[in-house]
Structures are given as structure tokens and as C-alpha cells.
Amino acid sequence: MDRIRIVGGRRLNGTIPISGAKNATLPLMIASLLTDETLILDNVPRLADVGLLEQILGNHGVDIMVSGKRAGETADHGQTLHISAASIVDTTAPYELVSKMRASFWVLAPLLARMGTARVSLPGGCAIGTRPVDLLIMAMQQLGAEVDIDGGYVVARAPHGLRGGGIVFPKVTVGGTHTAIMAASLARGTTVIDNAAREPEIADVAECLNKMGARIAGAGTSRIVIEGVIKLHGARHAVLPDRIETGTYAMAVAMAGGDIVLQNARPELLQAAIDVLGQAAVSVTPTNQGIRVARNGGSLAPVEVTTAPFPEFPTDLQAQLMALMTRAHGTSHIVETVFENRFMHVQELARLGARIQLDGERATIEGVAQLKGAPVMATDLRASVSLIIAGLAAEGETIVNRVYHLDRGFERLEDKLGRCGAAIERLSG
Ligand code: EPZ
């Protein structure tokens with residue numbers, strides 16, 4: 001299993017190209033099941049999760065062609081996928097595949113909406129929380145589907161097609177909103193979703209579906225109205241930049257010191273995180289290329305942060321912020337409200353000398369003058385990158401084990417950081 005070795009203490013200077021967003025790419029690829037024509041996606045990141053989803057969609061009969069590089073293109077450019085679900089040959093998503101990546105459960109919606117039937121394995125447990133799918137099932141039932149759980153599978157039927165309805169989410173759910181929008185796009189009549197997720201990835205998927213002929217209004221707000229249509233057609237869409245990758249590299253330079261430009265980044269996608277970095281005395285300025293982040297010499301200030309759905313501070317940046325605050329001058333508090341078990345990185349950061357107390361969903365981080373390198377273990381995608389960030393500032397060598405977690409959501413991380421001066425390398429096998 002690959003590991004990553006970091007020798008801390010190097011400042012970061014230069015430019016980091018931000019890739020397309022993983023959490024937009026996955027639902028966009030899944031949305032291709034809604035049409036028998038070709039969906040072309042540009043700016044697609046080269047991630048393990050994308051590769052796995054290609055396999056899962058292939059299992060339903062979807063053809064995916066990756067365009068070759070065009071003249072002048074480098075690895076910094078995203079890839080282009082030509083996705084064709086001309087004929088769906090299987091409406092079952094097996095446990096062996098779904099259990100590898102939770103978001104693949106979302107195929108339930110387009111399969112049900114287009115084929116009138118779907119049998120999708122329940123995703124099973126996850127390191128960061130129980131993560132039930134009851135609200136996704138509720139949304140399909142609100143659109144007229146009959147849903148049973150049988151042998152670990154969700155079996156959904158709508159032999160006469162779905163019909164528009166009212167969906168009120170008792171709590172904000174990104175996956176619930178994505179799947180409700182996809183299913184409602186082909187349902188007869190009008191659907192109104194209340195307390196919808198407002199994440200930028202929701203608006204990106206809705207924009208693409210509208211290019212495919214859907215009639216979606218209000219995406220990005222908490223009330224979304226969808227007029228169902230009989231058929232969707234092909235389209236071309238570029239995936240928006242990854243705000244979580246952007247926030248991660250911003251915290252990396254804040255930790256190590258230095259001055260970098262995050263190319264293609266869009267500040268409005270992560271304003272809450274930018275505000276928190278400002279409170280921590282980190283300089284963040286929008287530029288015409290993206291965002292410039294710098295910390296030259298000044299010390300980090302402690303912060304008080306609570307994670308919550310967009311536009312609040314994202315849970316997917318919580319671990320990275322915690323790593324950063326281990327070096328702040330003073331005591332910080334971070335409250336995690338989205339997932340009930342998203343502090344797996346705390347014990348690993350403690351191995352590097354961090355001082356963190358947990359009290360339920362609240363973490364108290366007492367800043368220390370210096371971290372010290374050590375072998376540590378990645379437990380999930382975002383926890384793994386928080387260990388990389390800590391390693392950038394730790395004295396001596398840090399070895400991060402199980403980096404397959406990292407490869408799921410960060411494209412060429414060691415190459416991007418290495419080009420800015422980090423002493424970082426991948427140790428294979
Ligand atoms: C999406 O997960 C993201 N994944 C997550 O990113 C992200 O952390 C999360 O949204 C919150 O922003 C993708 O986009 C692929 P939710 P999702 O439904 O849709 C509860 C990463 O690191 N809930 O918004 O699964 C749930 O347990 C990943 O890239 C129910 O109770 O998250 C959680 O506590 C990790 N019942 C809360 O709602 C349901 O049916 C929010 O979950 C659904 C969710």
C-alpha cells in the first residue's frame with residue numbers, strides 16, 4: 001500500500017491548479033443515466049472515485065470514452081468524458097460496487113425515473129458516521145415510487161413513471177437533494193423541494209440538467225421547483241472547480257508559510273472558509289487567476305468554528321482546519337454538526353504532538369510551538385489530507401499510511417505540493 005513521506009519545514013511558493021470538483025463530478029456522471037444521448041463532461045478530475053464510478057456505470061451498460069489530450073494540454077487540464085447511456089441493460093447496482101463508494105447509491109434516482117425500476121444495494125457503514133439513506137428513499141416515495149428493503153437492497157418501482165410532488169427534507173441533505181432533482185426532472189408534473197441543500201455542486205448539476213432540457217428553478221437556494229419533462233437530451237458541461245481542494249491548499253500554505261496562487265479557484269464557492277482564514281491572520285486575496293494565499297512570518301490566530309451546510313463552514317474542511325489550529329497562538333474550538341463521528345484524525349494529530357480535547361461534537365485545540373514528525377494512519381479522505389498538512393509543518397519526517405483514502409479525492413497531491421517547494425514523495429508498495 002502506498003504511503004506518503006513528508007519532511008516538514010519547507011515554505012510553499014508558486015501556483016497550484018485547482019481541479020474539477022469531485023462532489024460535482026460524481027452526481028453529474030450519474031445524471032447521464034437520465035438520457036439515451038451523450039453527455040460530455042469537461043474538467044473532470046483524475047480520481048480513484050471517478051474511475052470506480054465509471055466501472056459502476058459500465059455495469060448498467062453505460063459507455064464512457066475519455067478524450068485524448070489536445071495540443072498544449074498538460075496533466076493540469078481536467079479530462080473530458082463522453083458518457084453514453086443509450087441503453088440501460090441492468091437496473092441493479094450490486095453490493096460489491098456500491099459498498100466501495102457511497103455516492104453510487106444515487107443511481108437509484110435516474111434508474112427509477114427513466115426505467116421505472118431500480119434495485120440498489122444499501123451503501124453500508126462509513127468511518128465518519130452512520131450515514132443512513134432514509135431521506136433519499138422518502139424523496140422517491142414522495143414522487144410516487146413503491147420502495148422496499150429486501151436482502152440489503154433498496155427495491156424501487158414506478159411502473160407508470162414518477163409524478164411530481166412536495167418534498168420537505170427535515171434536515172439538509174446533499175445526496176437527497178441531488179437525487180430528488182434528478183428523479184423529479186423526468187416526473188409528470190411539478191415538484192417542490194423545501195429545505196434543499198444549497199451547496200454549489202447542487203447548482204452545478206442543475207445547470208447541466210437544464211442544458212439537457214430539464215426545467216429546474218431555484219437550485220442553490222433552499223426551495224427548488226422542477227417541472228418534469230418527458231425526455232432529456234445530450235449536452236456538454238464543464239465541472240466547477242473544487243472548493244474543498246481549494247480550501248485544503250489554502251490551509252497547507254497557511255500551515256507551512258509562503259505565498260501561492262490557487263489557479264481556477266472561485267472565492268464565492270468557499271467564502272466561509274476564506275473568512276475563517278482571515279480570522280486566523282492568513283492573507284487571502286482574489287486575483288484574476290483565482291485566489292492568492294500567503295502567510296509570511298506572522299503567527300496564526302485561534303478561531304471558533306462550527307461546521308454546517310453551505311453557505312456555512314464545510315464539514316469537508318474541518319479536519320484540515322483542525323490541523324492548522326494545532327499551531328495557532330492560543331486555543332481554538334471546532335464544533336462538528338454534520339457527521340457524528342468525524343474526529344478520527346484527532347488521535348493521529350496527537351501522534352505529531354498536537355493537544356486536542358474532545359467533548360462530544362466539540363473539539364478544543366490548544367496551539368503548540370512545534371509538531372514533530374511520526375508515522376500516522378489515514379482513516380478517511382479528509383482526515384488523510386489533514387495529516388499531510390500537519391506533516392508540512394512538523395519537524396523531521398512524517399509517514400502517512402493508507403493514502404488510498406487520499407487518492408479518492410485529491411488529484412496528484414504530492415506533485416502539486418512538490419512543485420511549490422514541499423519535501424513530499426510517494427513511497428509505493
Ligand atoms: C455529501 O455527502 C458529500 N459527498 C460529502 O463529502 C459531504 O461531507 C456531505 O455531502 C455534506 O456536505 C458527496 O458529494 C459525494 P448529506 P452526503 O446527505 O450527500 C444525514 C467528502 O469528503 N442523512 O448531506 O452523503 C447524514 O447522515 C464527502 O467528499 C440522513 O440522516 O451527505 C449526515 O449526518 C464526505 N439521512 C447529514 O444528513 C439521509 O437519507 C448530511 O448528509 C441522508 C443524510
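Which strands does helix α6 lie across, and at about what angle does α6 run to β13? The model is predicted: local features need pLDDT of at least 70, side-chain atom pairs count only at pLDDT 80 or more, and totals for chains, interfaces and linings use all residues. Residues are numbered from 1 along each chain as its sequence is written, and side-chain values use heavy atoms, with hydrogens and water left out.

**View 1. The shell around the ligand.** There are 23 residues around the ligand, and D134, L135, T173, D316 and V338 come nearest. A residue is near a molecule or strand if one of its heavy atoms lies within 4 Å of it. The shell divides into 12 nonpolar, four polar and seven charged residues. Here Ala, Val, Leu, Ile, Met, Phe, Trp, Tyr, Cys and Pro count as nonpolar, Asp, Glu, Lys and Arg as charged, and the others, Gly among them, as polar.

View 2. An N or O atom in the side chain of R131 is 2.8 Å from an oxygen atom of the ligand. For P132, a polar backbone atom is 3.3 Å from a ligand oxygen atom. In the side chain of D316, an N or O atom is 2.6 Å from an oxygen atom of the ligand. On its own the ligand has 820 Å² of accessible area, of which the protein covers 88%; such areas come from the Shrake-Rupley method with a 1.4 Å probe, and for residues only the protein chains shown count as cover. Two or more residues of the shell come from each of α1 (22-31), α5 (134-142), α6 (174-185) and α12 (381-393). α5 gives the most, with three residues. Helices (H or I, at least four residues) and strands (E, at least two) are DSSP runs, numbered from the N terminus.

View 3. R131 is found in the loop between β7 (117-121) and α5. R131 has a positive phi of about 50° although it is not a glycine. P311 lies in the loop between β18 and α10, and a cis peptide bond with omega of about 15° joins F310 and P311.

View 4. Four strands form an open sheet with mixed pairing, in the order β10-β11-β13-β12. Two strands pair if DSSP finds at least two bridges between them. β10 (166-168) and β12 (215-217) stand at the edges with a single partner strand each, so one side of each is left without a neighbour in the sheet. The antiparallel strands β11 (residues 190-194) and β13 (residues 223-227) are joined by five bridges, and D194 has R223 in β13 as its bridge partner. Helix α6 lies across β10, β11, β12 and β13 and runs at about 20° to β13. Contact means heavy atoms within 4.5 Å; axes are lines fitted to C-alpha atoms, for helices over the stretch in contact, and angles run from 0 to 180 degrees between N-to-C directions.

View 5. The order β18-β19-β21-β20 describes an open sheet of four strands with mixed pairing. Five bridges join β20 to the antiparallel strand β21 (residues 362-366), where I365 stands opposite I356. Helix α10 (residues 318-325) lies across β18, β19 (331-335), β20 and β21, at about 170° to β19.

Terms used:
Polar contact = N/O pair within 3.5 Å; in protein donor to acceptor, adjacent residues only side chain to side chain.
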